[in-house]
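Q: I am new to this structure and would like to learn how to read it. Can we go through it feature by feature?

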Amino acid sequence: MSTQTAVAAARAPRGLLAWVATTDHKRIALRIVGAALIFFVAGGLIALVMRSQLADPGAQLVGRDTYNQLFTMHGSTMIYLVVTPVALALGVYLVPLQVGAADIAGPRLTLFGHWLIVAGGLTMYSGFLTDHGAGKAGWTGYVPLSASQGTPGTGMDLWIIGVLLAALGSFVLGATVLATVLKFRAPGMTMLRLPVFSWTMVATCLMVVMIFPVLVVAMALLLAERHLGGVFDSAGGPITYIHLFWFYGHPVVYVMFFPFLGAVAEVVAVFSRKRFFGYRPLIVSLLIFAGGSMSVWAHHMFTTGQVTNQYFSLTSTALAIPAGIEYFDILGTMWGGKISLRTPMLFALGFLVQFLIGGLTGVMLGSPPLNYDVHGSYFIVAHFHYTLFAGSMFGLFAAIYYWFPKVTGVFLREGLGKLNFVLLFVGTNLTFFPMFILGYDGMVRRVATYPSSTGFQGLNIVSTIGAFIIASGIAVFLLNLVLSLRDRRPAGDDPWEGHTLEWATSSPPPRFNFHALPPIRSYAPLFDLRHGEQR
Amino acid sequence: MKSTQSDFQHVASLYGPIALAVFVIVIGTILFIVVRFRRRDDELPRQRTGWPLGEAIYVLLVAAIVALLLETTFTTEANEDKVQADPGLRVQVTAFQWGWRFTYVGQRVSVLGDNTQPPILGVPTNTTVQFTGTSLDVIHSFWVPALRFKRDLFPKRETSFDLTFDRPGLNLGECAEFCGLHHADMTFNVLSLTPRDFASWLSDRRRPRVPGGRRR
């Protein structure tokens, strides 16, 4: 043990203090993931209640007011408390390792970010304990519905404060990960030797530091509107809020996508035994994508009649070009490789197939004549669940199955992993595909119920069955987690023959990550070490 | 005469097949790769880390598709957004929590309904009907799925759009922007009538003749 680690070990807090006050980026990341997992289960249970209600037209399993709280909290949970924090947590854990750093930049700040998100979540959920219930104006909180007249009650205030805290927390996490890449890279780790995953985190964090302050401001203004008035109550007030919201709200879609794309890229390269193909085009595409994402927000506003639709249609549709490059490079990596279909690779392939459906329907939504019809309908619900659940969550599972041996030193069960994949794949498509048809047939989103005369019931039942299959898939995953940690099957330091520096250290890595680093001469230093450098 | 359905169909008939083709090609490629390049031995595959020419051609191809899509979108949308100076009929739409009032401008006819009893919006077929809409409280959205068109209605603002109804019949209208407690029930019915039937429908509801009730 080096002097540095010995001193740190002696000073390290123990017990409860260690649990709340660790400054080890790896532990902080696990804590963020743990909190997100709890919120994920809560948000998922809420979804099951909603799906149960919608299986039957005119159902009153929960009342309309409760239903409105539930869908608001489902969306808010998944976006503010689950997918965004987990996306950033991947960076908090892996970026210092991938760039060969001993620690993250600003570990205390990072820890603070985590606790802000937890505080935000608890604040948001505490709304259920108030007279009027939790926030119920949707995860977007449009004014004037979210103003004091539209939604009276403390629950709505708690929702706003919760979002504000979680947004601050996410902002802080993004900033420390970005600073780590910029300032803490090991000797030899130039920006053009940064692993693909770390590059996706750079693009992600650039967006995070640009957009989350806008969300914080929007929430602060909303709070001021509710208690002081006069902020959004002019004729232009509502549209101003919508602009502010989506200026955050669209780029955050890519915040919740890029890290998982990066994880999938790493998994695909490793399980194809190939160096990543098209490294530089991919980086350029990521940066163009991140920049472009800042100019597309008003495609959420085509039906308002108050934005220049053609401009936002142009910028939004043009994002198909960098997205196309990303697919080209990932498929190019697999091409000519030696592919093993282990669980991480299955999830990576699931991500590619299903995200494509989200992406292609996204191109359709970028066209106002199509958007005029399906905006605000279940088509949209299907679309963004294909990106966020069928896409990002499958990418997350690829990441979990891939990096679990690094984080814990043991494998997750392969058989249960495959079962987990099959259940999720079947459940996801059963749940969300019917929603495209429902939306096209005229089913509005955010409805607590629908009349039987609409003929929507059949597809809604399919969707509800799918939701419970998803739930069984998640249960299998949790079982796998528990079993694998109890009855441990040691994985060694580098079970997959990884390409990047995190596989050059022990599993789990020591407090300061590395005792020694291999030479870094490309974006795949361990591949170089094993197979020789590329000419 | 413009029709929002045919505008939608025009664009969808381009986007749909292209999306399907891209999907089939990408999925086909992935399946091919997974079958063809399965790991069968421990030998390291040939490492190729880029194909600049191929990728450049591919990017140009994607850009060309994007340009094609946008060209159709732009021309169609320009047509769809146009409002006529002298439409055949003007209807003022007032949305509120949780109902609608449709006022037939210059006709002394107004129809009102809410979530307990949705109103009927009578319209003549093959006539340009110009809607001018606003909201009394929160944001609502006027959606007729059969027409493939919606427009959001904001408080303190007016927005106008032209619609045509090509055949007689009854269609569902819905509020498509979440607006609170009874959002799910904020519907209306669109009754499209031949111009002659519409004229009598309208005169039945003209104010001085029919006192009381919901017909004001």
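Q: How many residues does the contact take from chain B and from chain A?
A: This is a predicted model. In it, the contact takes 65 residues from chain B and 67 residues from chain A. On the side of chain B that touches chain A, the elements giving two or more residues are helix 1 (4-36), helix 2 (52-81), strand 6 (140-144), strand 7 (149-153) and strand 9 (169-175) of chain B. Helix 1 of chain B gives the most to that side, with 14 residues.

Q: By class, which residues does the side of chain B that touches chain A have?
A: That side has 37 nonpolar, 11 polar and 17 charged residues.

Q: How many helices and strands does chain B have?
A: Chain B has three helices and 10 strands. Along the sequence they follow the pattern α-α-β-β-β-β-β-β-β-β-β-β-α.

Q: Is chain B spread out or compact?
A: The idea is to set the radius of gyration against the value that the globule rule gives for a chain of that length. For the 216 residues of chain B the rule gives 17 Å, but the radius of gyration is 25 Å, well over that value, so chain B is more spread out than a compact globule. The C-alpha trace of chain B spans about 90 × 40 × 30 Å along its principal axes. Buried residues make up 32% of the 216 residues in chain B. Of the contacts in chain B with a separation of 6 or more, 69% are between residues 24 or more positions apart.

Q: How should I read a strand order such as 4-10-9-6-7 in chain B?
A: That order describes an open sheet of five strands in chain B, with mixed pairing. Strand 4 (120-124) and strand 7 of chain B stand at the edges with a single partner strand each, so each has one side without a neighbour in the sheet. From one strand to the next, the twist averages 25 degrees.

Q: Which strands of chain B does helix 3 touch where it packs on this sheet?
A: Helix 3 (residues 195-204) of chain B touches strand 4 and strand 10 of chain B. The direction of helix 3 makes about 135 degrees with that of strand 4 of chain B.

Q: Do strand 4 and strand 10 of chain B run parallel or antiparallel?
A: They run parallel and are joined by five bridges. For I120(B), the bridge partner in strand 10 of chain B is N189(B). Strand 9 and strand 10 (residues 187-193) of chain B, by contrast, run antiparallel and are joined by six bridges. On that side, L172(B) stands opposite N189(B), and E174(B) has T187(B) as its bridge partner.

Q: Which strands of chain B form the open sheet with the order 3-2-1-5-8?
A: The order itself names the five strands, and their pairing is mixed. Strand 3 (109-114) and strand 8 (159-163) of chain B are the edge strands, each pairing on one side only. The twist here averages 20 degrees from one strand to the next. Strand 2 (residues 99-104) and strand 3 of chain B pair in the antiparallel sense over six bridges, with G113(B) as the bridge partner of W100(B). Strand 5 (residues 129-135) and strand 8 of chain B also run antiparallel, joined by five bridges. There, D162(B) is the bridge partner of Q130(B).

Q: Which residues of strand 8 of chain B are on the covered face, and which on the uncovered one?
A: In a regular strand the side chains alternate between the two faces of the sheet. In strand 8 of chain B, T159(B), F161(B) and L163(B) form the covered face, while S160(B) and D162(B) form the uncovered one.

Q: Which residues touch the most other members of the largest nonpolar core?
A: This core has 236 residues, and those touching the most other members are V92(A), V264(A), V267(A), A348(A) and A398(A). Helix 16 (residues 378-408) of chain A gives the most to the core, with 21 residues. Leaving out residues up to four places away in sequence, V267(A) touches P344(A), M345(A), A348(A), A398(A) and Y402(A).

Q: Where is the place of A102(A)?
A: A102(A) is in the loop between helix 4 (64-98) and helix 5 (107-126) of chain A. A102(A) has 17 other C-beta atoms within 10 Å and is partly exposed, since a residue needs 20 or more to be buried and 12 or fewer to be exposed. Apart from neighbours within four places in sequence, A102(A) is in contact with F512(A), N513(A) and F514(A). A102(A) and H25(A) are 77 residues apart in sequence and 9.5 Å apart in space, C-alpha to C-alpha.

Definitions and conventions: Residues numbered from 1 in each chain as written. Chains lettered and ligands numbered in written order. Predicted model: local features only at pLDDT ≥ 70, side-chain atom pairs only at ≥ 80, totals over all residues. Core = buried A, V, L, I, M, F, W, Y, C linked by C-beta atoms within 7 Å. Helix = DSSP H or I, 4+ residues; strand = E, 2+ residues; numbered from the N terminus. Contact = placed C-beta atoms within 7 Å. Nonpolar A, V, L, I, M, F, W, Y, C, P; charged D, E, K, R; others polar. Rg over C-alpha atoms; globule rule 2.2 N^0.38 Å. Pairing = 2+ DSSP bridges. Axes fitted to C-alpha atoms, helices over the stretch in contact; angles between N-to-C directions.
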